[in-house]
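Please open the structure in your viewer and keep the selection panel at hand.

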Amino acid sequence: MNDEFDDDLDRALFALPLDVPPPGLRESILRATIYAPVAIPSPFSTLETIGIGIALALAAWVAILCVADHSVVLALGDLVSGLLRALSDTRTLVWLGVGALTAAAITMMPASPRFPFNRRTS
Amino acid sequence: MSTAVPETDGELVAATLAGLPDAFGTLVERYERAVYHLCLRTMRDAEEARDCTQEAFFKAFRSLRTFKPGAKFSTWIFAIAYHACCDRLAGAKRYSRAEMPDRADPAPGPEAVTEMNDDARALRAAIDALPEKYRTVITLYHLQGKQYEDIARVLDLPMGTVKTHLFRAKELLRKALVTE
């Protein structure tokens, strides 16, 4: 009896029409998926972008200053020539070399030197 | 010389991943109605069902790479849709009963009314009156046939539980239809 009813019920169930989706549903799905605008990936990371932005802003600021006030150009020229003079000095170059070598030596040192403090002897 | 047109669901998924987005359009066309039906039967709210259907396809598209070749796309998309419904139902439960949206079954359109005979209407009403867990099982049974394993996979339930739920759902339907 139940089996017969089950068969009838199954037939009725499988004959039930599916609900009709509201109009525009498919279009909205496609708009959100395959037709969604693709974001163009930036070749720079966020920090790099910020750094580039700051450098460009500084360059623009210096350029504006140079155009507005000629004395700034002279001051900048003095600064650059002073730097070049310092770099052409042998003592400065020696100290720079010592600094670079020290930095290189520190980076080559093991991060955590091992000490035989915990070694137990029987 | 003609290139093979993807036909099976697996081929359509592969084609979408290979850069042919229209293949996904075919999948949407193929399963939109069934997914909407599952969402509507689970949510009993046309607007929520629409949102769940959209969310299901969006999630499926985003995670298409995780679809295992050889698996059934229908089972996969039904599982995503069912979980989207569960999330919404769980969210709705946070509100008090007074704040709950009206979950009355949307009135069928004039076409649907003429299409459905009295028996079908009675059966649909009986299904809608079932508790949620039985309603979902019977809806998936309607959509997937006697593929108990697939139903179990969608609902993330043991097969024995699915069979028990189905048995009880049918029993409740039988009682509801006999008393009418």
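What follows is a sequence of stops, each giving a selection and a description of what is found there.

**Confidence of the model**

Begin by colouring the complex by pLDDT, since this is a predicted model. The predictor assigns the complex an ipTM of 0.78 and a pTM of 0.65. For chain B the mean pLDDT is 84, with 83% of its residues at 70 or more. Among the elements of chain B, the highest mean belongs to H3(B), at 95, and the lowest to H5(B), at 50.

Now select residues 96-107 of chain B, where pLDDT stays under 50. For this stretch the model has nine contacts beyond four places in sequence. Where pLDDT is low, the predicted coordinates should not be read in detail.

**Chain B as a whole**

Nine helices and zero strands make up its secondary structure. Of its 180 residues, 35% count as buried. Among contacts in chain B between residues at least 6 apart in sequence, 64% join residues at least 24 apart.

**The side of chain B that touches chain A**

Show both chains and select the residues at their interface. Here 30 residues of chain B are in contact with 21 residues of chain A. On the chain B side, at least two residues each come from helix H2 (22-43), helix H3 (46-62), helix H5 (110-115), helix H6 (118-128), helix H7 (132-144) and helix H9 (159-179). Which helix supplies the largest share of this side? The largest share, ten residues, comes from H2(B). By class, the side of chain B that touches chain A has 16 nonpolar, five polar and nine charged residues.

**Helix H3 of chain B**

Next, select H3(B), which has 17 residues. From its first C-alpha to its last, H3(B) reaches 24 Å, close to the 24 Å expected at 1.5 Å a residue. Its buried residues are B:Glu48, B:Ala49, B:Arg50, B:Cys52, B:Thr53, B:Gln54, B:Glu55, B:Ala56, B:Phe57 and B:Ala60.

Move to B:Arg44, in the loop between H2 and H3 of chain B. B:Arg44 counts as partly exposed because it has 17 C-beta neighbours inside 10 Å.

**Helices H8 and H9 of chain B**

Select helix H8 (residues 148-155) of chain B along with H9(B). Two packed helices are described by the angle between their axes and the distance between the axes. For H8(B) and H9(B), the angle is about 100 degrees and the axes are 9 Å apart; the two helices are therefore roughly perpendicular to each other. H8(B) contributes B:Tyr148, B:Glu149, B:Ile151, B:Ala152 and B:Leu155 to the contact, while H9(B) contributes B:Met159, B:Val162 and B:Lys163. Sorted by class, this contact has six nonpolar, no polar and two charged residues.

**A last stop in chain A**

Finally, select helix H4 (residues 70-88) of chain A. Its 19 residues should span 27 Å at 1.5 Å a residue, and its end C-alpha atoms are 27 Å apart, which agrees. Is H4(A) largely buried or in the open? The number of its residues that are buried is zero, so H4(A) lies largely in the open.

Conventions:
Residues numbered from 1 in each chain as written. Chains lettered and ligands numbered in written order. Predicted model: local features only at pLDDT ≥ 70, side-chain atom pairs only at ≥ 80, totals over all residues. Contact = placed C-beta atoms within 7 Å. Helix = DSSP H or I, 4+ residues; strand = E, 2+ residues; numbered from the N terminus. Nonpolar A, V, L, I, M, F, W, Y, C, P; charged D, E, K, R; others polar. Expected span 1.5 Å × (residues − 1). Buried ≥ 20, exposed ≤ 12 C-beta atoms within 10 Å, placed from the backbone. Axes fitted to C-alpha atoms, helices over the stretch in contact; angles between N-to-C directions. Parallel < 35°, antiparallel > 145°, perpendicular 65-115°, else oblique. pLDDT = per-residue confidence, 0-100.
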